[in-house]
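Subject: Structure handover

Hello,

Please open it first, then read the notes below it.

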Amino acid sequence: MKVLSNLTLEELENLALELNEPKFRAKQLHNWIWTKSANSIEEMTDLSKVFKEKIKEIAVLSDVKIKNKQVSTDGTMKYLLEYGDGECVETVLMRFDNRANLTACVSSQIGCACGCDFCATGKRGFIRNLTAFEIANQILTIQKDSGLKVTNVVFMGQGEPFYNFENLNKAIKLINEYLQIGIRRITVSTCGIVPRIYDMAKGDLIPTLALSLHAPNHNLREKIMPVEKKHNLDELKKSLKYFNEQTGDRITIEYVLLGGFNDTRECAFELSKLLKDIKCNINLIPYNSVSETKYKKPDKKDVMMFKYILEGSGKKVTVRLERGADIDAACGQLRGKILDKLKS
Ligand code: SAH
Ligand code: SF4
């Protein structure tokens, strides 16, 4: 069986021709799938009964199943999605105060090979890359289920997007063209795969870049992020400057505050200095404790002090609100918990 939501417009056109239908039927089909988020072939009212029957004989609409869904008291929804091969991925839908803004947090891989010491996904290792359609279908599936239109996408779920670079770029194209989400509303978060930062800066569809920094110097960073051994802070900084120059865009610097580890005043001052000549906003993320790791949440007063010191350097600093804490939908907690529960 073919899967309609895994086909490009051109492939749908070929399908229409194979079924002796005019080419424009494919455009109608495509609209139902990607613009109207149809839940079934039956509901595609402007297609003839005969055509729909012919399609149903050879194709299904989607092969992504919703295995589990949890809704937080703050409106955050966490989905466990299952692909055709039985592998699962978690995707989160977040509402912020501004009701018109709906952000999907998507995964780019199943598992992750980078092994950051504080991250639940990293602790589980790498399983496989997701295809571009598997990534785009995360958004489509939650739109279909919730009846809501996603307005923003962040690649901050499982996986290192820059280690799945080709599919990432194809997925960005699908999200932009098929799901009609503006390129400025798409953010890709990376732990710092330097050569890919250069590649992204040279690309023709450039999303917002978010860089997981998490430490103000090489020694501290190396302790928590193995990637620092491969691409060190000096190299990384050069690539960020290049990204600034090439695109003119501001970078988002993510900094997870690990209580007692990287949340001191000294770290804040050192970070200010490090970022002085980078055009960026800073997003501080109080750590969400994950049972597999030894790190802990920072104290509120340390978070405020850290923010205050950074603001002194003239940067815009935000503290990430914890979303969906009651359903473990926060960063670094994706994958595992629901799967563990389902297995037990
Ligand atoms: N691999 C990419 C994108 C996925 S992780 C990256 O590392 O950037 C998205 C963000 O969540 C990263 O900044 C990551 O460091 C952070 N994160 C991971 N575990 C976390 C946790 N337990 N608490 C808070 N943030 C976490
Ligand atoms: Fe991978 Fe990102 Fe987790 Fe590091 S923080 S292990 S790069 S998902």
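Helices (H or I, at least four residues) and strands (E, at least two) are DSSP runs, numbered from the N terminus. By that numbering, N167 is in helix 6, residues 165-177.

Ground rules first. This is a predicted model, in which local features need pLDDT of at least 70, side-chain atom pairs count only at pLDDT 80 or more, and totals for chains, interfaces and linings use all residues. Residues are numbered from 1 along each chain as its sequence is written, chains are lettered from A and ligands numbered from 1 in the order in which they are written, and side-chain values use heavy atoms, with hydrogens and water left out.

Ligand 1

Which residues are closest to ligand 1? They are G159, S189, S212, H214 and Y287, and 20 residues surround the ligand in total. (A residue counts as near a molecule if one of its heavy atoms lies within 4 Å of it.) By class, this shell holds 10 nonpolar, 8 polar and 2 charged residues. The classes work as follows: Ala, Val, Leu, Ile, Met, Phe, Trp, Tyr, Cys and Pro are nonpolar, Asp, Glu, Lys and Arg are charged, and the others, Gly among them, are polar. Strand 10 (186-190) supplies at least two residues of the shell, and so does strand 12 (251-257).

Now the polar contacts. The term means a pair of N or O atoms within 3.5 Å; within protein, one must be able to donate a hydrogen and the other to accept it, and residues adjacent in sequence count only if both atoms are side-chain atoms. An N or O atom in the S189 side chain is 2.6 Å from an oxygen atom of ligand 1. E254 places a polar side-chain atom 3.3 Å from an oxygen atom of the ligand. For E160, a polar side-chain atom lies 3.3 Å from a nitrogen atom of ligand 1. Taken alone, ligand 1 exposes 540 Å², and the protein buries 95% of that. Those areas use the Shrake-Rupley method with a 1.4 Å probe; for residues, only the protein chains shown count as cover.

Ligand 1 sits in the largest cavity. A cavity is found on a 1 Å grid over the protein atoms alone, as a set of points where a 1.4 Å probe fits but cannot get out. To sit in one, a molecule needs more than half of its atoms within 2 Å of its grid points.

Ligand 2

Ligand 2 also sits in the largest cavity.

Q109 belongs to strand 7, residues 109-111. Is Q109 buried or exposed? Q109 is buried, because its relative accessibility is 2%. The cut-offs are under 20% relative accessible area for buried, over 50% for exposed, and partly exposed in between (1.4 Å probe, protein chains only).

N167 has 19% relative accessibility, so N167 counts as buried. Its side chain reaches the backbone oxygen of L130 at 3.1 Å.

Positive phi

N20 is not a glycine, yet its phi is positive, about 55°. N20 is in the loop between helix 1 (9-18) and helix 2 (24-35). At 69% relative accessibility, N20 is exposed. S37 is another non-glycine residue with a positive phi, near 50°. S37 lies in the loop between helix 2 and helix 3 (49-58). S37 is buried, at 13% relative accessibility.

Sequence versus space

L275 is in the loop between helix 11 (265-274) and strand 13 (280-286). L275 is buried, with a relative accessible area of 4%. K237 lies in helix 10, residues 233-247, and is partly exposed at 22%. K237 and L275 are 38 residues apart in sequence and 8.6 Å apart, C-alpha to C-alpha. L275 and V3 are 272 residues apart in sequence and 47 Å apart in space, C-alpha to C-alpha.

E311 is in helix 12, residues 300-311. E311 is partly exposed, at 34% relative accessibility. E311 and S272 are 39 residues apart in sequence, with 8.6 Å between their C-alpha atoms.

Best regards

Notes. 1 Å grid on protein atoms, 1.4 Å probe; cavity = no way out; pocket = protein on both sides within 12 Å on 5 of 7 lines; lining within 4 Å.
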